[in-house]
Structures are given as structure tokens and as C-alpha cells.
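I opened a new structure today and jotted down what I looked up. My notes follow the picture.

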Amino acid sequence: MQLIRGFHNLAKCDALNSGCVLSIGNFDGVHIGHQNILARLCDKSLELNLPSVVMIFEPQPREFFAKKSGNLTACSAPARLMRLRDKLKYLAEAGVDFVLCVRFSDKFAQISADEFIAKLLAKQLKVRYLSVGDDFRFGAKRSGDFATLRNAGLKYRFAVEESHTHSLNDARISSSLVREALQNNNLALAEKLLGKPYSIHGRVAHGNKLGRTIGFPTANIMLNRLVTPIQGVFAVRVNTKNGSYNGIANVGNRPTINGTKPLLEVHIFDFNASIYGEAIEVVFLKKIRNEIKFPHFEELKKQIEKDREQAVEFFKQFAKN
């Protein structure tokens, strides 16, 4: 799979000169609904003998407008389920040929729906098949919709197909439903919707090293997101380049030490190697408790000891099943 950053780089890609099949969306989480859409896109790619392209946006449009307005609440900027790097990994695994990552900006937001279709879809991408959701909106003031695309398809000779809705227990599978499951601490439902356990990937960074002073050294991952989809203390599985380990993790702002930025801290059981700078995956298996602000650091230490005991007991039961 090849990543193309921006429409201005399309001219360098000879493989797209004859056209493409395209899907547009955020694809946050690349859940099983997305996976079905991508499978259909790849089938069309083979049928028409054209490369498959997925168009995504950075930042995601709702993040852009929330940041611009200064309103960074969960309702205005949805919690990111995964980083761009991880999204690209799963899109590649789905068999997509190209990902066109478009920088979402004031200038891009002001492009009219007609210009988006004529200049970007028809002229530059030479789209022959387009898959979008029936609720897809685009162009300045979100003036373009599915019907706009259908009509334009007749003019510019590309087929437009609705991304078929996929359901689980009569509920429409969506990134929003995954976020809701995580907010409700329903990790089992999130796993069913994603087709994999929910996890966070990241590179281990240096922290304040307070954990090691109380016997709980942690691997720290900075969560560079406006909103995090999951918070609290969890029993986790940690995948490193040298193997997998059980552990306990805290996701949050660390209120006891007056933390301000969201951070993922992982205490890995029976592990003493240095992994600073290493990329790891933290898989969330069970919620233990919410994040709490303790009046004294010593009380936090006592609670962490209790949390560790709960996690160890969970893994004993987990191993039996």
C-alpha cells in the first residue's frame, strides 16, 4: 500500500493515470463495518482492473472545527480510536492499494461541492466507482450529499454506491458505537465491533519516573489526541518486540500529581528490561476502576497495590478459560 499526502502529490503516481475505485471516510477504528466496505472496494478494484483508493482527512473534520472554535468537548470532537499510523496499518491489511491523506484546513473546507467533484474526483482521481455512506456530506457548508454525487456520477461517468450498513444485534456498526462501548467499559462489545480487542499502540517515552520510587515502574505512552476513548485502570496485555506480558495500565491525566495531559502508563509484570523508544501495543482486557484523585501519594501507592492484586487474579481466571 502507498500513502499519498495531498492531491498535489497525485501527479507523481502513474498507477492512478487510468482512474481508480474510491471510498471516502474517517475509517476510525477500521471496525468490521469498515472491513466489509473495504472488501467490497477491493472486489470492485479487481472487477474493473483499477487501483483501490481510500481518502481520509487529517485532522478529522470534526476535530478541525472543534479546535478552531476552542470547544474540545467529547461531543464536538469524537475520541480517536486509533492513530493515523495504526489506521494505515489496518487499511493495508485490508488490501487497499493507495491511501490519499488530505490535510483538512480552512482552504479545503471552503471548496464547493461542485468543485470537489469536478476537479478532485473527476479530473485528478478519475474516479470510476465511488463508495460512500448515505449520510456523507461534503463541500463548503456541507452542501453536497449522496444525491449530489449520484447526479454527478451520471455527468462524469462514475458509479456511486452506498456503503452498505452492517449491524450487530440490530445495532448499526459505527465508530460511534465502538466509542460508546468503551465509555461504558464494555470491552467485550468493543472487541466484537472491531473484530479485535481494543488496543493502543505507541512508542515508550520518558516520564517523571515516580512509579519506580514506589516499586511500580511504568512504560509511558503520550496520547496525542484531543479526546481519549478510554479512561481508568485496566488489566492489559502488553505486546513488545521481545514477547507478550501481562500488566496493569492507567489511562488519564494523573490527577493525584496534578497531571494535565492524557497519558497511558503501563506497569508490566515480571519485566525489568529497558524499552525506552520502543513501539509497543497495549491490549485492554478488563476495567478495574476509574481514575481517582488521592489526597496523598502514599494512598495512591496502596491503591495501586490493590489494583495489581485484582489484575493478577483476573489473569489467573483468564488463563483457566
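**Strand S14 and its partners**

I began with a pair: Asn239 has Glu281 in S14 as its bridge partner. The model is a predicted one, where local features need pLDDT of at least 70, side-chain atom pairs count only at pLDDT 80 or more, and totals for chains, interfaces and linings use all residues. Residues are numbered from 1 along each chain as its sequence is written, and side-chain values use heavy atoms, with hydrogens and water left out.

I then looked up the strands around that pair. Strand S11 (residues 232-240) and S14 run antiparallel and are joined by seven bridges. Strand S9 (residues 199-203) also pairs with S14 in the antiparallel sense, over five bridges. Two strands pair if DSSP finds at least two bridges between them.

How enclosed is strand S14 by the rest of the structure? Eight of the 11 residues of S14 (residues 279-289) are buried, so the strand is largely enclosed. Buried means under 20% relative accessible area, exposed means over 50%, and partly exposed is in between (1.4 Å probe, protein chains only).

**The whole chain**

Next I stepped back. I counted 10 helices and 14 strands in the protein chain; helices (H or I, at least four residues) and strands (E, at least two) are DSSP runs numbered from the N terminus. The radius of gyration is 22 Å, close to the 20 Å from the globule rule for 321 residues, so the chain is as compact as a globular protein of that length. That radius is taken over C-alpha atoms, and the rule is 2.2 Å times the number of residues to the power 0.38.

The C-alpha trace spans about 70 × 45 × 40 Å along its principal axes. Of the 321 residues, 49% count as buried. I also checked contacts (heavy atoms within 4.5 Å): of those between residues at least 6 apart in sequence, 73% join residues at least 24 apart.

For charges, I found 46 positive and 31 negative side chains, with the centres of the two sets 5 Å apart. Lys and Arg count as positive and Asp and Glu as negative, while His and the chain ends are not counted. Each charge is placed at NZ of Lys, CZ of Arg, CG of Asp or CD of Glu.

**Ala219**

I picked Ala219, which is found in strand S10 (residues 219-222). Ala219 is buried, with a relative accessible area of 6%. Leaving out residues up to four places away in sequence, Ala219 touches Val204, Leu264, Glu265, Val266, Ile275 and Ile280. I also checked Val96, 123 residues away along the chain: the C-alpha atoms of Ala219 and Val96 are separated by 33 Å.

Most residues other than glycine have a negative phi, and most peptide bonds are trans. I went looking for exceptions.

Val30 has a phi near 45°, a positive value in a residue other than glycine. Val30 sits in the loop between strand S2 (20-24) and helix H1 (32-48), and is buried at 2% relative accessible area.

Asp270 is not a glycine either, yet has a positive phi of about 50°. I found Asp270 in the loop between strand S13 (263-268) and S14. Is Asp270 buried or exposed? Asp270 counts as exposed, at 74% relative accessibility.

The peptide bond from Glu58 to Pro59 is cis, with omega near -10°. Pro59 lies in the loop between strand S3 (52-58) and helix H2 (61-69).
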